[in-house]
Amino acid sequence: MTTFIELLVNGVSIGSVYALIALGFVIIFKATEVVNFAHASLLLVGGYVIAVLHEDLGFWLALVAGVAVAAVVGALVEFCVLRRSRAGDQHVLAIVTIGVDILLTTELTRRIGTDVLAMGDPWQSQVVQIGGISIAQTRIAALVTAATLITCFLLAFRYTSWGIAMRAAAEDRETAALMGVRLSRVSMGAWAVAGALAAVAALFLTVFPTPGLDRSTSLVALKAFPAAILGGLDSTTGALVGGLIIGLAESLAAGYQNDVTFLGRGIGEVVPYLVMIVILLIRPAGLFGTRELARV
Amino acid sequence: MKSTLRMTAVTAVALALAAGAAGCASDKATGGSGGAGADGVKQGPGVTDKTIKLGVATDLTGVYAPLGKSLTQSQQLYFEQTNAAGGVCGRKIETVVRDHGYDPQKAVSIYSELSTSVLAIPQFLGSPMVTAVKQRIESDKMFTIPSAWSTTLLGSEPIQVTGTTYDVDMINGIEWLLSKKLIKKGDKLGHVYFEGDYGGSALRGAKFAADKHGLTIVEQKIKATDNDMGPQVAALSKAKVAAILMSAGPRQSASLAGIARSQGMKQPILGSNSAFSPQLLATPAKPALVEGFFFTSAGAPISADLPEVKKLADAYAKKYPGQPMDSAVVSGYGNGAIVVSALKKACEAKDLTREGLIKAHRSDANADTGLGTPMNFTYFDKPATRKTYVLQPKDKIPGGAVIVQEATESELATTYQPPVGSY
Amino acid sequence: MSSALSRALRPTVIAAVAGLVVMLVIPFYAEPFLLQAGLFAMAAAIGAIGLNLLTGSTGQLSMGHAFFLAVGAYGYVYFAGDSGHELSGLGLPTPLAAVLAVVLAGLAGGLFSPIAGRLRGTYLGIASLALIFIGQHILHNAHAITGGANGRDVPPLELAGFSFADTPELVVFQVPLRALEKLWFLALLLLLAAAWVARGILRGRPGRAMGTIRDHEIAAGVMGVPVARYRAGVFVLSSMYAGLAGVLLAMAFRRTVPDYFGIILSLEYLAMIVIGGLGSVAGAVAGAAFVSLLPPLFTRYGDGLPLIAAPGAEGVSPAEASRILYGAAVVAVVLFFPGGLLGVWGRVRASLAARRTSHPLTRMEPEEQPT
C-alpha cells in the first residue's frame, strides 16, 4: 500500500510538471491553432538562463530572469517567424516550429556542452515525511506552483480582457478581429506565456531528484504531447487532467513493471501513448476538447 | 501514350550517354592500391611514406557527447605526444575525426568514408553504431576499437573490445559486495538497467553471479529518457532489496541515489562504469553519491597512483584546462597506445597493411600500457581482461573518484563464459 | 518532324536526360562515402514521396512515418532472414521478401487507418507519434523477430542469381561494382518507378480528390468524393512507400538498428517535404536530397569551410553547423519560399521564360504578368 501511495504521489507531482508544459501547448494552440514543437527549446532556454545566472543573482532573481527570457524568446518566435510566415496551413506552421526548435536546441546544447548545470534551488534534496511517506520538497513545490499557476490561468481566461480576447480568438478568429480583438497581440501574448510556463517547468524538471540541466533535458517535453492531446488541445482543464493522467500512468507502469512483464519490460515510456490512443479512440477531440461541428 | 514514348526515348538517350561516360577512365578502375613505401614497408589504405591516417568516429554533439569529447581529446593528446617523439615507423599520425552525433545513419556514412581513407579506427563510439557496420569492418579487415563494452562486439577479429565487458564488471562487483559483507547469500538485489545491449550485458553478468550465490535479481528496465527514478525506487523498496545495481547513465544514477537516500534507504548502490560522471559532483546529487555509491571500471581512475596515469593527468590538465577528467580520458589515451603499439609491431614486420596491423595486434598476449590492467589480445571471443576496479566518487579529486578495490579478478569471473556477438 | 525535334530539345527534357546520365555515371566515379550518402538520400526520397502524398497532398499530418519505415525494414529482414540461434526468420527468396515487406507496411497503415479516420489534423499528427514509441518498444523487446537492441543482419537482395552484395564483384568498364554501386542502380530504378506512380496518382482523378479533401473536406464529401475511403487509402499507400523506403534503407545499412527509427527520423521526413515543396513529387525528392545529404557532406568537407571549427574544438562544429543550416532552411522556406525548393525553381524558370519572351508594350502589375 505504501508503495502504491508513493507511486501515486510521485505520479501526481511529475504529472503537475507535465501539466505546466501541456498548458503552454494548449495556450498557443488556442490562440493560434499551431502545435508548438519548439516548446522543448523554450524549456531549455528557461532552464539554461536560471542555471547560468543563479550564482550571480541568487536563485529567485535568476528564476525571474529565466522566466522573462523564455517569455521574450517565445514572443520573438511568434513575432519573427510565425507572424511573417506566408503559409496559411496550420500543419506547415507546426513544421516551421520544428525548424525553430532545431535552431534553438542546437545553439543551447552547444552552450551547455558536456556539463550538468545545477539550478541552485533552495529545496535541494530535502524531504518531508507525511504519514510514513517521504516526499521531496521540490515535488511539493512543483505541485503547489503548478496548481497556483493553472488556477491563475483558469481565472485569467474567464475574467481578464486578455483571457476573453483569447477565448474569442479561439472561437472564431475573423469575428474576433472584427470585434476589435488584436489577434497579433493575443498570439504574441500566448507565446510569451507559454515560454514563461516552460521556464517554470524546466526548473522543476531539473531540480532534485534530477541532477541538473543537461543536453538531454529537452526530450522530456515530448511527454507533454500526449498530455495536451488527451485532455483536448484547446482545453486548459484538459491540460491539467492530461498531465496528471500521463504522470500517474507512467509512474504506476514503471513501479509495477514486474507485474506486467508480459508486455515487455520498460513499458513506462510507452504507457502514456497507449493511454492517449485509447482515449482518442473513444473521444477523438480529447477528454475536454471541443468537437468540431461541421455545418454545411 | 506519348509521354511513355518520350520517357522511353529519354531513358535510352541517357543510358547511351551514361555508358559512354562510364567507359572513360575512372579512378576506381585502377582497383585497390597497396604496394610498398620507399622504406620497403607494405602500405595499406591511409598510409603514405610520411603519414598514417587513423579514423575517429565519435559523438561530439549527441547524447554521449561528454564521453566522446574526453575520449577524443585524450586520444589526440596521445597521438600528438607520439608525433612529437618522432612518430611511428618514420611516419606521423594524422587523425580524421568525424562526429556521428549518435545517429546510426551518419555513422554508416562516416564509416564508408573512413573505410577507404584510414588504416584503423582507434575510437568508434556507441555499440549500436559499431554493430551497424560490423559486417563491413570484418570484410574490410579494419582494425577498430569500439568505445563500448558490451558482449555484442566480441567475436570479431578486427574489433578489439578493450578492458572488461559490462557483464564481467557486474560479476566482479557482486563478488566484491559479498566479500565486504554488504550483501549475503539469499539476498535480493535490485538491478536498474537501460534497455539495449549495455544494460542487457550487465544484467546477464548480474544474473550469472546471482545464480551462483543464490541471490535474486529484481529487474527494473528503463529507457534513456527516463530521468526520474521515483517509481523504480518505490518498487525496489517494496521488494526489500539488499543492494541496488545500476547500469544506466549518470543522470539516472544521481536520481536513483538521491531518492533512495532521501527516503532513508541505506543500501549500497553499485554502478557499471558508465553510470557515473564527475560532473555530477558539482550538482545537488553530490551528498547522495559520495556515500554508499560505488562503480566498477576496467580502467584505472585518473586519480590512481600509477606513474603513467599521473603523467597523463598532468599533460591533460595542461592541454585542456578546466575540462572534466573522467574515466574516458584514461580509456581514450590507452586505446591510442594500443593502436600505436600495434603499429610499431606491424612496422617491425614491414607490413603496415590492415591485415599486417591486425596480425601484429593479435600477437600481443600481455599488452601493458601502464594505465591499468595488462590485456591479452590473442583471442577475441573473450574480454581482453577480467580484472575490475571498484571505485567510489569523491569530491575535490581529479576525476572525482578514488579506488576502493584495486583491479581484481574474482574466481567466479574466470569461470564465466560471455556470450559472443549477443547479450 | 521539326516540332518533334524541338519538343525533344525542350529544356525539361534535356534536364531529365542530363540528370539521368549523371545519376547513372556517378557509381563509376564516386567514392563509397558519396554512394552511401546518395543511397540514403534516394531511399529517403521514396519515403518522402509517400509522406508528401499523405501530408502535402491530402493534408493529413503524420508523425509516425518512421514507424512504417521500420515495418518495411524489419519486415524484409524477417521474411528473408534465416531462423538461427535466438532469431527466427522465414528464409523466403529475397525479392518476395521485399514485396511482402512493402505489403506488410501497407497492412500496418491499414490497421492504423480506423484511428486515422476518426481523428482530425493535429490530433492525428500527435496520435501517430504514439506509433513511434510503441514501435520502439516492440523493436527492442520482440527479440526473436527484431534482434532487440542489436538489430539483425540484412540479407542482400538476390534477383535471378544476381546478388546485390560485395561479392561477387561485377566488373563493368573495368570498374568493380560492389554492393553500394549495385544498390545505387536498384535505388535509382525504384525511385524512378515510385516517382512515376505517385505522379500518375496526383495528376489523375485521385489526385484531384485528395487536393479537395485537403482544401475542404466537407466540400469534397458533398461533391461525391468518398472521403473516408480516400483518407484510408492514402494512408495505406503512404505506408507502402515508407515500407519500400525501409526495405531499401535496410539494404543500404546492411544491419537494422532500432534506435534509428525514432521520432527524429519522423521529424526529418516532415522537414523534407516542407523544404522541398508540399504536395509534389519533385519537391519531395529535392527535400529528401537536401535533408539527407547536408549532414554527411558537412561532416566530410566541413573542415575546409570558414567559421567552422574542427570536431571537438571550441566553436561551431560541422555537425552543429549542418543542424543549424537545416533548421534555418525549414524556417526560411516557410517564411520566404512557401513553395519550397521546387517553388524557387519554378520562379527561376518563370523569370527566365519571361526574359526570353518579348516585353509587352504596356506595363502590367506583377500579378498580371504572364507566368
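Helix axes are taken here as lines fitted to C-alpha atoms over the stretch in contact, and the angle between two of them runs from 0 to 180 degrees between N-to-C directions. In chain C, helix α4 (residues 65–80) and helix α6 (residues 121–141) have axes that come within 8 Å and cross at roughly 30 degrees. Angles under 35 degrees count as roughly parallel, and α4(C) and α6(C) are therefore roughly parallel to each other. On the α4(C) side, the contact is made by C:A66, C:F67, C:A70 and C:Y74, which meet C:L131, C:I132, C:G135 and C:L139 in α6(C). Seven of these contact residues are nonpolar, one is polar and none is charged.

Helix α1 (residues 2–32) of chain A packs against helix α8 (residues 183–206) of chain A at an angle of about 170 degrees, and the two axes are 8 Å apart. This angle makes α1(A) roughly antiparallel to α8(A). Among the residues that α1(A) brings to the contact are A:V17, A:L20, A:I21 and A:L23, and those of α8(A) include A:W191, A:L197, A:F204 and A:L205. By class, the contact of α1(A) with α8(A) holds 18 nonpolar and three polar residues, with no charged ones.

Stepping back to the whole of chain A, its secondary structure consists of eleven helices and two strands. Along the sequence, these follow the pattern α-α-α-α-β-β-α-α-α-α-α-α-α. The C-alpha trace of chain A spans about 60 × 50 × 35 Å along its principal axes. A compact globule of 296 residues would have a radius of gyration near 19 Å, and chain A, at 19 Å, agrees with this. One backbone detail deserves a look: a cis peptide bond, with omega of about 5 degrees, joins A:F208 and A:P209. A:P209 is found in the loop between α8 and α9 of chain A.

Chain C contains 15 helices and four strands. Its radius of gyration is 22 Å, close to the 21 Å that the globule rule gives for 371 residues, so chain C is as compact as a globular protein of that length. The box filled by the C-alpha atoms of chain C, taken along the principal axes, is roughly 80 × 60 × 55 Å. An unreviewed UniProt entry annotates "transmembrane region" at several stretches of chain C, including residues 12–30, 36–54, 61–80 and 92–112. Over residues 36–54, chain C is 100% helix and 0% strand, with the end C-alpha atoms 28 Å apart. Over residues 61–80, chain C is 80% helix and 0% strand, and the end C-alpha atoms are 32 Å apart.

Chain C touches both of the other chains described here. In its contact with chain A, 37 residues come from chain A and 39 residues from chain C. On the chain A side, α4 (90–112), α9 (224–231) and α11 (271–282) each give two or more residues. The largest share of that side, 13 residues, is supplied by α4(A). The side of chain A that touches chain C comprises 26 nonpolar, six polar and five charged residues.

Towards chain B, 43 residues of chain C are in contact with 47 residues of chain B. Elements of chain C that each supply at least two residues to this side are α2 (11–29), α3 (32–57), β4 (175–177), α13 (281–301) and α14 (318–336). Of these, α2(C) provides the largest share, with nine residues. The side of chain C that touches chain B divides into 26 nonpolar, eight polar and nine charged residues.

Chain B has an average pLDDT of 88, and 93% of the residues score at least 70. Within chain B, confidence is lowest in helix α1 (residues 2–23), at a mean of 66, and highest in strand β9 (residues 269–271), at 96. Where pLDDT is low, the predicted coordinates should not be read in detail. For residues 51–394 of chain B, UniProt gives the feature "domain: Leucine-binding protein" in an unreviewed entry. Over residues 51–394, chain B is 43% helix and 18% strand, and the end C-alpha atoms are 42 Å apart. Finally, B:K141 is not a glycine, yet it has a positive phi of about 50 degrees. B:K141 sits in the loop between α5 (134–140) and β5 (143–147) of chain B.

Technical notes. Residues are numbered from 1 along each chain as its sequence is written. Chains are lettered from A and ligands numbered from 1 in the order in which they are written. This is a predicted model: local features need pLDDT of at least 70, side-chain atom pairs count only at pLDDT 80 or more; totals for chains, interfaces and linings use all residues. Angles under 35 degrees count as roughly parallel, over 145 as roughly antiparallel, 65 to 115 as roughly perpendicular and the rest as oblique. Two residues are in contact if their C-beta atoms, placed from the backbone, lie within 7 Å. Ala, Val, Leu, Ile, Met, Phe, Trp, Tyr, Cys and Pro count as nonpolar, Asp, Glu, Lys and Arg as charged, and the others, Gly among them, as polar. pLDDT is the predictor's confidence in each residue, from 0 to 100. UniProt positions are given in the numbering used here, feature names are shortened, and annotations may be inferred rather than shown by experiment. The radius of gyration is taken over C-alpha atoms; the globule rule is 2.2 Å times the number of residues to the power 0.38.
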